[in-house]
Amino acid sequence: MADLPSKVDVAIVGGGPAGLAAATELRRLRAGRVLVIEREAEAGGVPRHCGHSPYGLREFGRPMLGPGYARALVARAEAAGAQLATGVSVTALSDGPRLTVTSEAGTGEIAARLVLLTTGIRETTRAGRMIGGTKPGGVLTTGGLQGLVYGAGLRPFRRPVILGTELVAFSAILTCRHAGIRPVAMVEPGARITARHPAGLLPRLLGIPLHLGTELAAIEGRERVEAVVLRSGGAERRLAADGVIVTGRFRPEATLSREGGLTYDPATGGPEVDEFGRTSDPAIFAAGNLLRPVETAGWCWAEGRAVARAMARALAGELPPPAARRVARAGALAWVVPQRIAGGGSPALGTLQVRAARAASGRLSLSVDGHETAARALRALPERRMLLPLPAGTGLPEVRLVAAP
Amino acid sequence: MPSEPAPPRGPFDVAIVGGGVVGCALARRFALAGAAVVLMEKAPDILDGASKGNSAILHTGFDAPPGSLEAACIAEGYREYEEIHARLGLPLIRSGALVVAWSDEQEAALPSLMEQARANGVSDVAPLTRDETLALEPNLAPSLRASFRVPREGLIDPWSAPLAYLTQAMAHGAEVLRGCAVQGGTREGDLWRLDTTRGDVSARLVINAAGLYGDLLDEALIGRRDFTIRPRRGQFVVYDKPAAALAGHILLPVPTALTKGIVVCRTAWGNLLVGPTAEEQEDRATAPLDHATLDALRAKGEEILPALAGHDVTAVYAGLRPATEEKDYRIKVHEGGSYVTVGGIRSTGLSAALGIAAHVLRLAEEAGHGWQAPNEVAWPRMRNISVAAPRDHESAGNGGIVCHCEQVTRREIEAALSGPLPARSLAGLKRRTRVTMGRCQGFHCSGPLARMTAGAFDTPMAGNG
C-alpha cells in the first residue's frame, strides 16, 4: 500500500461520473487532499462501456461517446489535483471515518475527514429476478455482455432473448449489433415499453420481435442456453435461443454502505441522505446512482459536483446540523430522495426527486404540516424522472401521488 | 483443450466411481491406508452431481435415526472433520443451531427431539424459552414458541472440503480421471475390468459412489440393484452479505419424517441462505428452478426472519439428493468382497463423508483387503475462501481483485486453473474460488474472466467465432 496515503481530507469511493465530478469540484474549492478510490483498473464508471450514447453536453459542451467522456472526466479530476487510485477496492467502512482497502499490494487503511460514496449501481441479475429453469452459460446482464463484447472482444451468443425494455435494454441491442449478434426477441412483463420514445422504435427498426405483457418463465439448456419459456396470458410457449440478456431493474451498489451501518432505505435500495447528500453518519456523504435507480451520467455528474460543494462547507464547519425531519411518502410512489431535510438553505440536492411505483395518471403534491405547497397533474410512468421543489420551513413534509379515478 | 494423464490401465487396488463428496472422502481414506486408488468422474469436473448443491452445514447428526448407519457415519464424520480441518486449511464456523418451534404441536415435539439428540451422542443440547431464543437471535419472528440449541452444528465450505480430501489422496498417489464414465465391466479372476469412456481400467476393489446414478451402476456392473434412486430436488435462495448479520445460529425447523425442512443459515462465505425444498423428480441430471417455489422460499425466509424482506437475493440454486425407498444409507459389500455399493447418501453426505469412508475401509478390510499405510501423511492446504480466515486479497502480490462481489483475486483464479486438479469448467472454477457467485453474477468480471480462462475449459465462457 506504499503509494496510497494513510490520511486524506476527502476519500471518494467509486470513480464514475459522480465521484470524478465531486473530486474535481472539491479540489477547485481547495478542500485539501482528495483521493478517488476505484476498484476497476480504469476510472470512468459505466460510460466506459457505452460506445453509443450521447454524453458530455452539459459537462463539456459537446456530444461525446461514453469512453471519451469517461477519459475526459478522469483527465479533469487529475488536472484539478485529485489523486486517483485504481485497482483498489474498499472492503469496509468504519467509524472515523476509516476505509479498509485492498489491492494487489494487500490490505490497508485510510483515514479521512469526510468520505463520499459514489459506488453506483448494478442491474438485477437472473438470480435476483428468481427466473426459473436451468442455469446454463450464456445468461448475462447488459453490463456483463458489454464487458465481454467491448472489454474482451468476445461474442457470447448469436441469437439471444433480451429481457426488459428500460433504456439500458436498447443499449444491449446496440451492443449486440456491434458484435454481430441478432436478438430473437425482446420480452417485457409490462404492458408497454419502459424507456422513453424514441428508443422504443429500435426493435422495430431492427426487426426484433417485441413481446409485451410477457414473462420469461424459465431458461432451458445444460451447458449453454437452448431455449426460453415465455408466459403470456396464462399460456406458455418455448422459443429457441442461445442466450439471455437480463437488462435493467437497477439496484444501487449499496453493500458497503449497508455493512458500514449507514441507515438504509429499502425503497431506493441505497443509503438515506439529507438535501446535502449527507448520510446517517454526518462524515459520510453519498451521490450519484447509489442514491436511487437510475439516473443519467449527466445527472450523476451534476449531483456529485453539488454534493462536493456541501462537503466543502462541511469541512469548513458551515453545514447546518443534521436533522431528523423525514419526507413522508404516500400513494403510488416508489421512493423519494432526499429522505430527510435538515433545512438551512443552499441544498446540494435542489429538488425532491420521486418516482412512481406504477403507471398512473393523477396528482403529485407536496405538503408541509398538512398544507399543500406544490402540486401538479401528471401522467406518471415507472422509471421516469419526477421533481418537486424542496420543502421549505421546519414543518413535516409529505409527498403524495394520488391516481385519478 | 487441456488433457489429463493418458488412460491408466491399472491394476489399481481400488477404483472409486463418482467424484462427489463421498467419492473424494473414499479416495482419501483408501489412499491414506496405502491403497493405489483411481477415482473416476463422468463430468468434466468433480462435485458435479448431488454434491454441487447443499446447505453447507456440518451436522452433528442430532436428528438422525438412533442406531442407524447414517447416525454412526455422521458422528464419525463430524469428529474427523473437526480433527483434520485446520491442517487442510478448511473452515469450521461454530455457529451452533437452534431448532425452533412455531406451533403448539412443534413445541410439544421438542423434548423428544432432544432425547433423540442425546441418544445420538449429542448430549449438549439445551432447551430455550421463547425469550431466551429471542435474546440469542433478536431478528427471529416473535411468534416463535420455544427452541433448543445444538451448540456443535457448524458451517463449512462444501466444495473446498471434498477438493481437499481428493487433493490429499492425490498427494498419496491417487489418480483422478475426469470426463470418465464407467459403461460396464467384468470380473476376471480377482480383477475388475471396467469399460470406461477413457479406456479400460482394472482394479481389485470397485466402490460405487455414483450418487444419483448408484442404482444404474450396480445394474451395469453386478447385474442387480438393491434400491432405486429417487432424485429429490432442493431449491435454495441466497441473500447478499448484509443479510448474514440477521442470524448467528443455523435456524432449523422441527423436522418431519420426510425432510429436515427449510433451513435459514449463514454460509461459510458470509451470505445467508434459505432452503431446501424437497421435491421428488425423475430427472437425475438437471435440477430446474421454479420461480413460484423460489418466491415461496423467500416468503418462508421472511416469515422466520422478517427483516430479510429488505435484502437482495444474489443467487438461486437447486441440488438433487440421491434418496432411495429407505431413509438410511445403502452401503453393502457384493461379489465376494470385491465390490462395495455406497448408495442413498441423501442430505447428510457432506457431514458424513469422512465417516462413510472410514466405515467402507473397515468393510474392505473385513473382506480381506489390506495395504501398507504410508509412514508420513501429506497435508495439502486449501486456499481459504471463507469468512473464517484472512482472504487472499488481504496479502500482497495477489494480482488484484477480479471478482469484486466475492473478492476473488487473479492469483486465486490462476491457482485454481493450475495445480494437481485444475478447474475444467466455469462451474468448477466457481466452486474453487466463488468467482461470479456474488451479487452481480458476472456483471463486472465476465470479460476479464473469459480472457483468463481461454483454453482452460471444455465449454468456453464465450466464443469469438
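Predicted model: local features only at pLDDT ≥ 70, side-chain atom pairs only at ≥ 80, totals over all residues.
The largest nonpolar core contains 67 residues. Within this core, the residues that touch the most other members are A:Ile12, A:Leu26, A:Leu99, A:Val115 and A:Leu117. Helix H8 of chain A, which covers residues 297-315, supplies the largest share of the core, namely 9 residues. The core also draws on two domains of chain A: at least three residues come from each of domain 1 (1-124 + 250-319) and domain 3 (322-405).

When its neighbours within four places in sequence are left aside, A:Leu26 is in contact with A:Val10, A:Ile12, A:Ala31, A:Val34, A:Ala308, A:Met311 and A:Ala312.

The description now turns to helix H3 of chain B, which runs over residues 104-119 and has 16 residues. From its first C-alpha to its last, this helix reaches 24 Å, close to the 22 Å expected at 1.5 Å a residue. H3(B) bends by about 30° at B:Leu110, and the proline B:Pro111 follows within four residues.

B:Leu110, where this bend is found, is also one of the buried residues of H3(B), together with B:Leu113, B:Met114 and B:Ala117. Against which strands of chain B do the buried residues of H3(B) pack? They pack against strand S4 (97-101), strand S5 (126-129) and strand S6 (146-150). Just after the helix, B:Gly121 takes a positive phi of about 85°.

How values were computed
Residues numbered from 1 in each chain as written. Chains lettered and ligands numbered in written order. Heavy atoms only, no water. Core = buried A, V, L, I, M, F, W, Y, C linked by side-chain atoms within 4.5 Å. Buried < 20%, exposed > 50% of the residue type's maximum accessible area, 1.4 Å probe, protein only. Helix = DSSP H or I, 4+ residues; strand = E, 2+ residues; numbered from the N terminus. Domains from an automatic or database assignment. Contact = heavy atoms within 4.5 Å. Expected span 1.5 Å × (residues − 1). Bend = angle between axes of the 7 residues up to and from the residue.
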